[in-house]
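Dear colleague,

I am passing on the structure we spoke about, and I would be glad if you kept it open while reading the notes below.

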Amino acid sequence: MNDIGEKTVEFWKKLEIPVEDFLDEMKTDEKSFCKKIFNRLRTRNEKWLGFLGLDKTKKRKRFEKFREMYNKDKELMFSMYCCSWFASKIGHMALIREHAAKFLEDDEMKIYGNDADMLIILLYLKHSDALVDLLYESFIRKCKFTKYIVDPRPEVEDIHVDEETVENLLNTYERKRKKKRQKSKVWWFKETENEWIIIFRRSRLKSAPIKLVDRNDFVRLADSKVFKIQKDFSRVEIYTKKEKKTIKKFAENLIKDLTNNDVKLSEEERKFPREKINKLISKWMKGEDKNVKLLEACFANFPLTDSPKVIIKAQDEELGVENALTDLRETYELVLDESDCEYVRIKFQGRKFTIKFFREGEDTSISFDYRGLSLEDRENILAYLNKVLTK
């Protein structure tokens, strides 16, 4: 294949570089293609001339010398050209520099640290797999994630997760779907100290026409999805443009199968200081906030034998549970700790909201059950909470 090995072609395809177009150009007019490589590299960055030892060659002789080098190792020169395209594709100098610094020597970073093409070329020559990570890390930085809290949080340790396991489980869920049975393919799997990052593509249509110059090709289309799962299974971040409910369900099933625990994902709306959340719950319990009527509250570690979980629910929405809580506190001398409140149901501006609390250290995250509520309702309750919790 024009002296370019199949492995090299497949490598650059995986990095979404149009190598087949380059090979067509190479086949049509190889001298012109060689000149194209030379001009692109020279125009974008002259340090590669020194890298190849061409800086000591007279300018009018440089292309001639480069062509000799090209003829000796077409695959290398072809890949340098692809490196330049890849650098343009990433288009984020700070990210390229940050990534390269993990693999290259200090001296190399001093010389080439401000030249994206050269950093990519060096990474390709020394640590080609690092380019795969760079591609997907670049993609992740552009994603807008939705954060979810895992409820209840599984109490597990030393869970092994790998790419093959995840892909098999995702396709198990696909096969169980009654209507649209699609296919999922994991493209990137990374394990860090604190999380697993999974990028997968999911087929959308059986086939859709791509209109080429001379014909209509039919191809299977796919959407990219991302899961970022905390290793303690406290949180999941999800990126998806479509079928949000389905992908959320896949994440729930994935955690269930990995941990043998039934869980639900609750969308995390905000984090607030634990102390402020507790003070607000206390105000609701005492009926001190005239904007809110407390209809229901769930407490863990209730101050009775064996520390049961207790739900206190109003029979009359107009009265709420404030009087009952006052009786517990004053008549029965049962002291309820706001930190043990797991969720409340409140009435605010004529609408009912269920708010769950997830405490970690000095912070408390909140989530809502928004079923039956409009976008305006969501905005109103968040505006209220932001106001009273950020004073």
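With which residue does Glu317 form a salt bridge? Please bear in mind that this is a predicted model. The partner is Lys347, and the closest N and O atoms of the two are 3.8 Å apart. Because Glu317 sits in the loop between strand 10 (310-313) and helix 14 (322-331), while Lys347 belongs to strand 11 (residues 341-348), the pair ties together parts that are 30 residues apart in sequence. Glu317 counts as partly exposed, with a relative accessibility of 33%, and Lys347 is likewise partly exposed, at 23%.

Some salt bridges share partners, and in this way Lys244, Glu267, Glu269 and Arg378 are joined into one network.

A salt bridge within a helix is the one between Lys249 and Glu252, whose closest N and O atoms are 3.9 Å apart; both residues lie in helix 12 (residues 244-259), where they are three residues apart, or about one turn of the helix. Lys249 has a relative accessible area of 38% and is partly exposed, whereas Glu252, at 7% relative accessibility, is buried because the cut-off for that class is under 20%.

Lys225 and Asp223 also meet through their side chains in a salt bridge, with an N to O distance of 3.9 Å, and here both Lys225 and Asp223 are buried.

Technical notes:
Residues numbered from 1 in each chain as written. Predicted model: local features only at pLDDT ≥ 70, side-chain atom pairs only at ≥ 80, totals over all residues. Heavy atoms only, no water. Salt bridge = Lys/Arg side-chain N within 4 Å of Asp/Glu carboxyl O. Buried < 20%, exposed > 50% of the residue type's maximum accessible area, 1.4 Å probe, protein only. Helix = DSSP H or I, 4+ residues; strand = E, 2+ residues; numbered from the N terminus.
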